[in-house]
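Here are a few exercises to work through with the structure open beside you. Try each task yourself before you read its solution.

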Amino acid sequence: MKKYIIIILVLFTMGFSLSEKRMVEITFNELTQLQQLVDMGIDLDHHRTHTEVHAFVSDEEFQLISQMNFGIREIPNEAKLYFEALKQNTMGSRNPMEDYHNYIELTAFLQDIADNYPDITRLESIGQSVQGRELWVIEISDNPGVNEIEPEFKYVANMHGDETVGRELSLYLIEWLVEGYGSDPRATDIINNTDVFIMPTMNPDGFESGSRYNANGTDLNRDFPDQFSDPNNTTIGREPETRAVMDWTWDHHFVLSANMHTGALVANYPYDGPSSGVYSACPDDDLFIHISLAYADAHPNMESGGFSNGITNGAQWYAISGGMQDWNYIWEGDFDITIEQNEVKWPSSNQLAGLWEDHREPMLVYLEEVHDGVRGIVIDADSGEPLS
């Protein structure tokens with residue numbers, strides 16, 4: 001029996017590794033050529049100039065692109081290389097990832113917070129990953145679990161498993177909020193007047209393998225309904241991690257949110273399509289610029305990322321299909337942006353404390369934007385009861 005278990009585990013591991021795509025640099029002559037890659041379903045990555053873009057491709061896609069009017073060459077996947085080095089360097093130690101929290105440690109951290117601060121936190125799993133890891137969400141509120149008349153906010157991190165900074169910054173933020181409650185006026189005000197939800201990792205399987213993709217080889221930020229290419233607001237046919245986030249969102253009414261990535265330094269806002277390199281303004285473009293600038297302006301050097309004022313329209317940077325921010329906005333009425341927090345996807349763990357110092361104020365300022373503007377309750381004129 002043990003033999004069969006070992007064989008199954010080996011085959012499973014092989015299947016995961018075989019799903020990995022190669023990281024490449026693709027060069028082109030005209031920016032409009034990017035649309036060809038989008039139409040082919042190529043997973044474009046963060047680095048994009050007027051003549052080149054980084055991407056992840058299969059062997060078949062590599063051959064196809066090389067026969068087209070593009071240049072293509074394989075480049076090192078620095079995040080994967082650093083992940084492998086971390087695993088090797090810390091083999092046999094208590095923490096196999098140095099100062100990064102692996103799944104077991106992250107779970108223990110969250111459970112410890114929930115146990116020590118039961119009056120202001122509630123920990124729940126909203127589902128499981130492909131490999132059965134819990135998809136943890138922690139709620140921080142003065143009345144957790146109670147649907148109060150106050151705005152709901154969410155941060156989601158690590159949907160690309162190899163983009164790790166947001167995963168750790170989420171834990172820093174959780175700790176800052178709960179430890180400051182009752183003593184720090186700002187933390188106390190946020191918790192008393194906001195229902196805050198934080199999901200440190202949407203892709204725990206990808207983190208454990210040093211992969212962008214989930215264990216089925218799917219890019220989760222290409223797996224949501226898309227107004228241009230997949231206008232079906234349904235969970236049918238989607239990955240378990242995507243389904244869990246969609247179901248969780250349907251159970252709430254998030255007003256403002258952000259998902260945290262790495263690989264660039266910029267605040268990216270909708271729309272993400274339809275055409276690469278072309279500004280695609282949504283009806284609330286001015287407001288998205290405002291909240292993106294709120295984050296970027298609070299950061300000490302967001303402008304150093306190469307984007308004007310540290311922000312960008314998604315499609316103008318490069319178009320994607322099935323992104324989470326557009327889904328949140330279009331179908332759920334939730335103003336969601338994508339925050340790229342560091343140009344290195346998986347930086348050395350000795351940089352995490354400094355990155356927290358850089359992003360603490362922007363993360364708090366952005367969260368507090370949920371209280372900006374007109375707000376209140378709409379009631380029935382006859383009964384005085386609030387409308388749904």
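This is a predicted model: local features need pLDDT of at least 70, side-chain atom pairs count only at pLDDT 80 or more; totals for chains, interfaces and linings use all residues.

**Exercise 1. Find the phi values of Asn-158 and Asn-309, and decide for each residue whether it is buried, partly exposed or exposed.**

Solution. Take Asn-158 first: phi is near 60 degrees, which is positive even though the residue is not a glycine. Asn-158 belongs to the loop between β7 and α6. Buried means under 20% relative accessible area. Asn-158 has 1% relative accessibility and therefore counts as buried.

Then turn to Asn-309, another non-glycine residue with a positive phi, here about 60 degrees. Asn-309 is found in the loop between α10 and β11 (311-313). With a relative accessible area of 46%, Asn-309 is partly exposed.

**Exercise 2. Describe how helix α5 (residues 103-116) and helix α6 (residues 165-180) are arranged.**

Solution. What do we need for such a description? Two packed helices are described by the angle between their axes and the distance between the axes. For α5 and α6, the axes come within 11 Å and cross at roughly 15 degrees. Angles under 35 degrees count as roughly parallel, so α5 and α6 are roughly parallel to each other. As for handedness, α5 passes α6 in a left-handed crossing.

Now list the residues that make the contact:

- From α5: Tyr-103, Leu-106, Phe-109, Leu-110 and Ile-113.
- From α6: Arg-167, Leu-171, Ile-174, Glu-175 and Val-178.

Finally, sort them by class: the contact of α5 with α6 has eight nonpolar and two charged residues, and no polar ones. An α-helix has 3.6 residues a turn, so residues three or four places apart point the same way.

**Exercise 3. Work out which residues of helix α12 (residues 324-332) are buried, and what they pack against.**

Solution. Count first: seven of the nine residues of α12 are buried, which leaves the helix mostly covered. They are Met-324, Gln-325, Asp-326, Trp-327, Asn-328, Tyr-329 and Glu-332. Their packing partners include α9 (240-250), β9 (254-261) and β12 (335-342). Directly after α12 comes Gly-333, with a positive phi near 65 degrees.

Next, follow β9. Seven of its eight residues are buried. β9 pairs with β7 in the parallel sense over six bridges, with Ser-257 as the bridge partner of Lys-154. β9 also pairs with β12, again parallel and over six bridges, and there Asn-259 stands opposite Thr-338.

**Exercise 4. Give the strand order of the open sheet of four strands, and say which strands stand at the edges.**

Solution. The order is β2-β3-β1-β4, with antiparallel pairing. β2 (43-48) and β4 (71-74) stand at the edges with a single partner strand each, so one side of each has no neighbour in the sheet. From one strand to the next, the twist averages 30 degrees. Inside the sheet, β1 (residues 22-27) and β3 (residues 52-57) are joined by six bridges, where Ile-26 has Val-53 as its bridge partner.

Notes. Residues are numbered from 1 along each chain as its sequence is written. Side-chain values use heavy atoms; hydrogens and water are left out. Axes are lines fitted to C-alpha atoms, for helices over the stretch in contact, and angles run from 0 to 180 degrees between N-to-C directions. Helices (H or I, at least four residues) and strands (E, at least two) are DSSP runs, numbered from the N terminus. Angles under 35 degrees count as roughly parallel, over 145 as roughly antiparallel, 65 to 115 as roughly perpendicular and the rest as oblique. A crossing is left-handed if the near helix is turned anticlockwise from the far one by less than a right angle, and right-handed if clockwise. Contact means heavy atoms within 4.5 Å. Ala, Val, Leu, Ile, Met, Phe, Trp, Tyr, Cys and Pro count as nonpolar, Asp, Glu, Lys and Arg as charged, and the others, Gly among them, as polar. Buried means under 20% relative accessible area, exposed over 50%, partly exposed in between (1.4 Å probe, protein chains only). Two strands pair if DSSP finds at least two bridges between them.
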